Amino acid sequence: MTFGRAVIAPNHGAYPEYFLGTRNLLYESGSPESLASKLEEAASLDLSEIGRENASIALKWSWEEICRTCVDAVGRL
């Protein structure tokens with residue numbers, strides 16, 4: 001996202017949280033069919049616009065906020 005590109009990533013880990021409210025695509029891990037489907041879907045999207053949206057989102061991120069989120073997550077364990 002920081003490179004101003006659309007992203008296709010597996011639907012696990014932090015990706016679902018990072019992509020919440022964006023037009024980036026998630027595929028089911030371990031499923032080549034799911035990945036292929038998302039690649040086909042991406043071909044019909046305005047990837048340049050999604051990339052601009054991602055760059056705008058990434059500009060709002062800070063290391064302080066990233067660290068705070070990590071500490072909060074550990075505190076919930």
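How many nonpolar, polar and charged residues are in the lining of the largest pocket? By class, the lining has eight nonpolar, two polar and three charged residues. Here Ala, Val, Leu, Ile, Met, Phe, Trp, Tyr, Cys and Pro count as nonpolar, Asp, Glu, Lys and Arg as charged, and the others, Gly among them, as polar.

## About the model

This is a predicted model, where local features need pLDDT of at least 70, side-chain atom pairs count only at pLDDT 80 or more, and totals for chains, interfaces and linings use all residues. Numbering runs from 1 along each chain as its sequence is written, and side-chain values use heavy atoms, with hydrogens and water left out.

## The largest pocket

The largest pocket holds about 290 Å³ of space. A pocket is an open set of points on a 1 Å grid over the protein atoms alone, where a 1.4 Å probe fits, with protein on both sides within 12 Å along at least five of seven lines; lining residues have an atom within 4 Å of a point. The volume is the space filled by probe spheres set on the points.

Of the 13 lining residues, Glu17, Tyr18, Trp61, Ile66 and Thr69 are the closest to the centre. H4 gives the largest share of the lining, five residues.

## The cysteines

There are zero disulfides, a disulfide being a pair of cysteine sulfur atoms within 2.5 Å.

Definitions and conventions: Helix = DSSP H or I, 4+ residues; strand = E, 2+ residues; numbered from the N terminus.
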